[in-house]
Structures are given as structure tokens and as C-alpha cells.
Amino acid sequence: MQNKLNFIDILGQNPDSRRKEDPSSFEYTLPAEITNIYQLTTNEKLYQIQIIDPGQRNRFSFRPGQFVMLELPGIGEAPFSISSSPVRRGDLELCIRAVGNLTNFLARLERGARVGISGPFGTSFPLEKMQGQDILLIGGGLGIVPLRSPLLSVLENRSKYGRVDIMYGAKSPAELLFTYQYEEWRRFDINLGITVDRADTSWQGRTGLITELLQERISQATSLRENTYAIVCGPPVMFHFVCKMLTEAGLPMQKMFVSLERRMHCGRGKCCRCNIGSTYTCLDGPVFDYWSVMNLKEAI
Amino acid sequence: MIFKVFKKQELARLYELLAVNIIVGPVAKGNDRNGKPLFDFDVVYDFNDLALDYTQTVHSPKRFVLPYHETLSTFAVARDGWEKHVDLNVYRSLVFFGMHACDINALNKLDLVLAQSAYPNPYYMGKRKNLFIIGLDCTPEPQCFCRSMGTDSAIHGFDLFLTDLGGTYFAEILSATAFDLLNQINCKDPSAKDLRLYKQATSEKNKHYTASVETSDLTKILDLEFESPAWDDWGKKCLSCGTCANVCPTCYCYGVEEHVDLDLKHAGKTRSLHSCNLIDFAKVAGNHNFRPTSASRLKYRYYHKHRGFVEAFEESLCVGCGRCGSACLADITPPEVIASVRGRE
């Protein structure tokens with residue numbers, strides 16, 4: 001009888017090979033705790049989440065614009081933009097609208113609940129490149145959520161940037177997010193513009209589309225200077241009009257950044273659910289410059 | 001590459017040497033409604049069960065490295081927290097006995113994205129690494145357009161590749177394991193006559209191709225014809241059933257679902273292969289669907305295979321096996337779709 005052929009089993013004889021393909025790179029989630037919950041509007045809550053292990057918390061760092069996958073065992077896993085300042089490393093703020101299975105379950109959780117966090121994933125806004133330049137931050141609806149991280153980062157390092165304009169629009173006053181922070185944002189060295197599509201009796205501010213706010217800014221005497229960067233986050237229809245206006249105002253397409261939303265089941269370029277043409281929103285995005293997405297069919 | 005030749009009856013010996021592992025090979029599964037035999041890859045327990053003269057299997061052997069459903073992790077849930085357990089589901093080494101070149105190339109393409117890119121998929125890699133592959137030459141079927149896709153022969157991704165020369169097999173050896181294995185059976189170096197027969201067999205095979213796809217500049221043409229009415233025409237025929245992805249050897253898109261056990265103490269996370277033709281593929285929370293029409297989804301499938309993947313990995317994700325066309329309930333075949341998008345009837 002000849003020798004039977006046997007293979008090196010990666011689980012048995014070669015423990016090293018198992019370590020190399022340790023699921024830590026793929027299926028591992030950092031245990032985290034919901035430390036605070038703020039009800040922002042009827043549907044949106046701000047969750048403060050802390051990575052439990054102090055070592056992991058210190059190692060966790062992210063750049064504005066990146067996202068994490070949040071997992072609730074038995075319920076599901078979904079991507080969420082990090083909405084807090086990158087200075088706070090393992091302490092994240094995620095603003096989440098109760099709209100699906102996972103988010104509705106999350107809305108019923110209380111302080112102290114355990115969740116799993118993996119990431120951070122994806123590309124970020126190039127804030128280093130933007131230093132010394134004017135910045136336009138334009139957000140619509142839930143678009144303020146991914147915008148808030150670069151916004152806080154700019155505010156914390158205000159002296160490094162030129163003129164800063166924040167424009168934010170929502171459907172109605174009741175849907176405005178982070179209202180408690182507007183006073184903080186409305187500083188002598190910041191132009192904060194807030195608009196709603198439909199006002200109610202309590203609304204003192206302005207009514208109209210965000211494009212009107214932008215139009216005012218563009219037609220000012222100090223129109224968009226050459227060294228201007230724009231960050232745009234909002235629903236697809238807003239991207240379309242805002243980016244068109246900015247392009248017509250002379251802003252180069254590679255100085256305009258957008259953050260895209262897609263369905264994701266892995267966040268690691270494997271499930272293909274966020275694929276647009278040759279691009280994975282999770283790996284190549286969610287932050288793209290406008291030139292890259294303009295070339296992608298059906299991206300915006 | 002090292003070449004050897006051995007008599008056909010030696011193949012049974014080869015099978016016996018490998019039988020300590022799980023052997024997966026082509027087996028006959030019955031006939032279709034026209035009396036044509038149907039084959040599929042399955043676990044084999046006896047050499048005589050192997051249908052080595054098979055034409056093409058209905059499904060690809062993909063499911064043995066990328067199962068349709070796979071448990072990714074389980075959870076133990078308690079009042080004050082939970083623990084996650086991960087199992088790569090790799091238990092035994094596997095032998096693919098008699099894979100055609102297109103299916104070998106399909107695995108090579110899956111490797112590009114699942115094993116060689118950022119965040120390798122450990123579930124796939126574990127199974128893929130414990131794989132011994134014996135390739136087998138084939139006679140092209142009417143639906144095969146692998147020659148157009150450049151996947152009609154495999155140059156890597158196998159241990160041993162056999163070509164039928166009548167009474168003998170011509171073997172290409174790519175791994176030390178395969179070399180050791182062949183040393184244990186009666187084989188010899190190929191003679192001048194064997195080489196002549198081998199080249200004859202190859203040119204004979206090439207005469208059988210009937211289907212083809214014009215691939216020159218295909219990526220650019222797909223971009224130029226993004227708004228082509230041809231997509232709407234195919235969209236009207238397409239039933240959005242996802243059968244094409246089911247039989248495709250390279251489709252790897254998936255969805256993840258989690259469930260809680262009845263005891264409320266355990267939970268699990270399962271990955272299931274999905275299809276970009278299914279209606280919910282690109283739907284996000286809030287019910288916005290990025291590809292709401294069957295035409296946009298069908299178009300996306302061609303874009304991913306023939307454009308997106310090419311941009312990312314410099315080769316198409318399609319191996320031209322033609323399974324999707326044969327299995328399609330609406331008779332949509334890639335050669336026809338691509339010809340119509342190019343503006344040819």
C-alpha cells in the first residue's frame with residue numbers, strides 16, 4: 001500500500017496559518033457600550049458609544065468622513081458615519097435615524113447596552129490639504145451627520161483655515177439636527193446659514209432651498225476664491241444641483257468632496273452591495289471628489 | 001512546467017491515492033426535458049461515479065469554496081453583554097477531480113478579490129488553500145464563449161491538468177504535491193508523438209467554438225452605451241430571478257442576515273450569496289432603491305463583470321462558460337446582449 005496523500009490542514013498542523021487568517025481582520029468587532037443617548041428629533045438619536053477596553057479605545061483613531069460598522073448580535077450590522085470630532089478617539093458619536101430593522105431596535109436600547117464596532121472604514125475628507133484655504137460645508141437633511149466630523153475638526157483648528165461657511169438645510173424646523181450646537185457654531189469667524197423647506201409658526205429663520213443660500217454666497221463680492229474647498233453631503237438630488245452650481249461658479253471638480261450612501265453588508269469590499277461600476281463605496285469611498293463620481297455612472 | 005504522460009487506467013490509481021480526502025467531481029444527475037444528460041459537481045465516493053466525459057455542469061463548483069449559505073459567527077448573549085465566536089468552517093481538505101479550464105479560471109478570478117485584495121476573506125481562503133485541483137480538458141458546448149474571454153485554457157490555479165490523447169492522458173504538473181503523486185503511478189515523459197497528439201487535440205478543440213463575444217474595447221463601449229435602449233429591451237425580458245448569478249462560477253455578491261435563537265441566549269450571523277438582479281440588492285434604509293428597474297440591474301451585472309472588474313483587476317470577471325445563458329428562464333445570453341449593446345443584431 002502506497003502512502004496516502006495528506007494535506008497541511010490550516011486548522012491542525014500549522015497553527016501559524018490560522019493566525020494569519022485570523023478572523024480578527026474580518027469578523028472581529030470591538031465590544032463597545034452605549035454611554036449616552038440624546039433624542040435629537042422624533043426619529044433621530046445621537047448615540048455616544050465608548051469602546052470598552054481602554055487599550056483598544058486608545059488605538060482606535062479615525063479621520064473625518066470615515067464610517068464604522070455597528071453590530072447588534074442577532075439583529076444585524078450596518079454602516080454609520082462617525083459624527084464626532086477625531087480628537088475623541090475611542091469615544092464615538094453616531095447620529096442614527098430609526099428607519100430599518102437595526103436602527104429601530106437600536107432606538108429601543110438604553111444607556112449601558114453593549115454593541116459591536118468594527119472599523120473605521122473608508123476614505124476621509126482631506127482636511128490637511130484644505131489648510132489655509134476657504135471652506136464651504138454644505139449639508140442637507142441627514143447629510144449633516146457625516147459633515148459634523150470635519151466641521152468640528154475645522155472649528156477646533158479654526159486658525160488653520162481661511163473663511164469658513166456652513167450651510168445646512170432641512171425639510172422642516174422639527175427635522176433640524178444638532179440645534180443645541182448652533183450657538184457654538186455661530187461665531188464671529190464662521191458664517192452659519194440655516195434654512196428649511198417648509199416653515200412652521202415657531203420658525204424665525206429663513207425658508208427656502210439650500211441652493212438659494214449657496215447662490216447668495218457665490219454672488220457675494222468675495223465670491224469663491226481660487227483656494228476654496230467644498231464638502232457636500234445630502235440626498236442625491238442635492239448633490240446634483242449644488243455641485244452644478246459650484247462648478248459653474250468656477251470651483252474645480254477635484255476640490256469638491258461628497259460622501260455617498262449605499263447598502264453595505266461587509267464594509268470590506270467583499271459583498272459587492274455598495275459597488276458602483278468599478279468602485280466600492282466602502283473601500284474607495286464614502287468620500288469621493290466630485291471628479292471621481294461624475295465619471296461613475298449612476299453614482300449620484 | 002513539467003509534463004508527463006500516463007495510460008488511462010492509471011487514473012483510477014490516482015483517485016485511490018487521493019481518496020483520503022473528500023473528492024468532488026462531475027457526476028450525472030439525470031436528463032433534461034430534451035433527453036440531454038445533466039451533470040453537476042458533487043462529493044464522489046467511487047471512481048466509477050465520476051462522469052469525466054461530462055459536457056458542462058449545471059452549477060459551478062463555486063459552492064465548495066463559497067457556500068450559498070454559511071455561518072459567519074455565533075453569539076452567546078447574556079443580560080450584561082455578549083460574546084462572539086467565529087469559525088472559518090474549514091475541516092477537511094478537498095480534491096476537485098476533473099475541473100474544466102473555465103472553472104479553474106473562475107477560481108483564479110475569485111482569488112483576486114477574495115484573497116488578494118484588502119481585507120482577504122478568511123472563510124474563502126481557508127477552503128481555497130486546502131484544495132487540490134485536477135483539471136481536465138473539454139470539448140466546447142454551443143454556449144461556450146470562453147475563447148473570447150481568454151479563459152479557454154488555464155495556465156495557473158491547478159495542481160494537475162489532464163488532456164485526453166485517446167489511450168493516454170497528457171498531464172501538466174504545477175505543484176510538488178502533484179509531482180509526488182504522479183511518481184506513485186506509472187507515468188513517463190511525453191514522446192514526440194505525444195506532443196504532436198497534444199497539439200492536435202488543442203487545435204481540434206478550437207474548431208468547436210460556435211459562440212463568441214467581441215471583447216475589444218468592451219469597457220469603453222459599455223460606458224458609451226450606458227443609455228442605450230438595448231438595456232431597456234433586455235430589461236423587459238429579464239425576470240430578475242437571479243438564476244444567472246446562481247449558476248455563475250464567479251458571482252460572489254452576498255447578503256448577511258442575523259437571527260436570534262428561540263432560547264434568546266444565542267444568536268447567529270449567516271452569509272448568503274445574493275444577486276445584483278434581485279430587486280432589493282441596492283435598496284437602502286428608507287426604501288430608496290439605487291437600481292429600481294430590472295433593466296438597471298441587468299445592466300449593472302454586465303457593468304460589474306465587463307467594466308468594473310476590468311478597471312480594478314485588468315481582467316473581466318466573466319469566464320465565458322455560458323451557464324447563465326443556458327439557465328436563463330428568459331433566454332438572455334451574454335453574446336446576444338453584448339452584440340446588441342454594440343449595435344449588432
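**Chains A and B of a predicted model**

Chain A has 8 helices and 15 strands. The model is predicted, and the values given below are computed from its atoms. Taken along the principal axes, the C-alpha atoms of chain A fill a box of roughly 90 × 40 × 35 Å. Of the 300 residues in chain A, 56% are buried. Among contacts in chain A with a separation of 6 or more, 68% join residues 24 or more positions apart. The accessible surface of chain A comes to about 13000 Å², and carbon and sulfur atoms account for 48% of that surface.

The backbone of chain A has several local features that can be located in the structure. Two cis peptide bonds may be considered together. One runs from G119(A) to P120(A), with omega near 0°, and P120(A) has its place in strand β6 of chain A. Another runs from G285(A) to P286(A), with omega near 10°; here the proline, P286(A), is in the loop between β14 (279-280) and β15 (287-289) of chain A. A further feature concerns F178(A), a residue other than glycine whose phi is positive, near 60°. F178(A) is found in the loop between β8 (164-170) and α5 (182-185) of chain A. With a relative accessible area of 1%, F178(A) is buried.

The next subject is the interface between the chains. In this interface, 47 residues of chain A are in contact with 62 residues of chain B. The size of an interface is often given as the accessible area lost when the parts come together. Between chain A and chain B the buried area is about 5000 Å², with carbon and sulfur atoms giving 58% of it. Polar contacts across the interface amount to 17 residue pairs, both residues of each pair being at pLDDT 80 or more. On the side of chain A that touches chain B, the elements that give two or more residues are β3 (67-72), β4 (76-81) and β6 (114-121) of chain A. Of these, β6(A) gives the most, with 4 residues. The residues on that side of chain A divide into 18 nonpolar, 13 polar and 16 charged.

Side chains of opposite charge can pair when their charged atoms come close. Over all chains, a search of the whole structure finds 28 salt bridges, and the count between chain A and chain B is 3. One of the bridges joining the two chains brings together the side chains of E71(A) and K269(B), at 3.1 Å from N to O.

Other salt bridges lie within a single chain. In chain A, the side chains of R187(A) and D189(A) meet at 3.2 Å, N to O, and R187(A) counts as partly exposed at 29% relative accessibility. In chain B, D42(B) forms a salt bridge with R63(B), the closest N and O atoms being 3.8 Å apart. D42(B) lies in strand β3 (residues 37-44) of chain B and R63(B) in the loop between β3 and β4 (69-78), so this pair ties together parts that are 21 residues apart in sequence. Both partners are partly exposed: D42(B) has a relative accessible area of 23%, and R63(B) has one of 33%. Also in chain B, the side chains of D217(B) and K220(B) meet in a salt bridge of 3.7 Å, N to O. D217(B) is partly exposed at 47%, whereas K220(B) counts as exposed at 54%. Salt bridges that share partners, by contrast, join E71(A), E77(A), K84(B) and K269(B) into one network.

Three further residues of chain B deserve attention. K109(B) lies in helix α2 (residues 101-114) of chain B and is buried, with a relative accessible area of 4%. Not counting residues up to four places away in sequence, K109(B) touches a set of residues of chain B that includes T151(B), T250(B), F309(B) and E315(B). The loop between α2 and α3 of chain B contains Y119(B), a residue other than glycine with a positive phi near 50°. Y119(B) counts as partly exposed at 28% relative accessibility. N121(B) lies in the loop between α2 and α3 (122-129) of chain B, and counts as buried at 3% relative accessibility. N121(B) and D111(B) are 10 residues apart in sequence and 9.6 Å apart in space, C-alpha to C-alpha. Leaving out residues up to four places away in sequence, N121(B) touches F26(A), K270(A) and L114(B).

Methods:
Residues are numbered from 1 along each chain as its sequence is written. Chains are lettered from A and ligands numbered from 1 in the order in which they are written. This is a predicted model: local features need pLDDT of at least 70, side-chain atom pairs count only at pLDDT 80 or more; totals for chains, interfaces and linings use all residues. Side-chain values use heavy atoms; hydrogens and water are left out. Contact means heavy atoms within 4.5 Å. Buried area is the accessible area (1.4 Å probe) that two parts lose on being put together, summed over both. A salt bridge is a side-chain nitrogen of Lys or Arg within 4 Å of a carboxyl oxygen of Asp or Glu. A polar contact is a pair of N or O atoms within 3.5 Å; within protein, one must be able to donate a hydrogen and the other to accept it, and residues adjacent in sequence count only if both atoms are side-chain atoms. Ala, Val, Leu, Ile, Met, Phe, Trp, Tyr, Cys and Pro count as nonpolar, Asp, Glu, Lys and Arg as charged, and the others, Gly among them, as polar. Buried means under 20% relative accessible area, exposed over 50%, partly exposed in between (1.4 Å probe, protein chains only). Accessible areas come from the Shrake-Rupley method with a 1.4 Å probe; for residues, only the protein chains shown count as cover.
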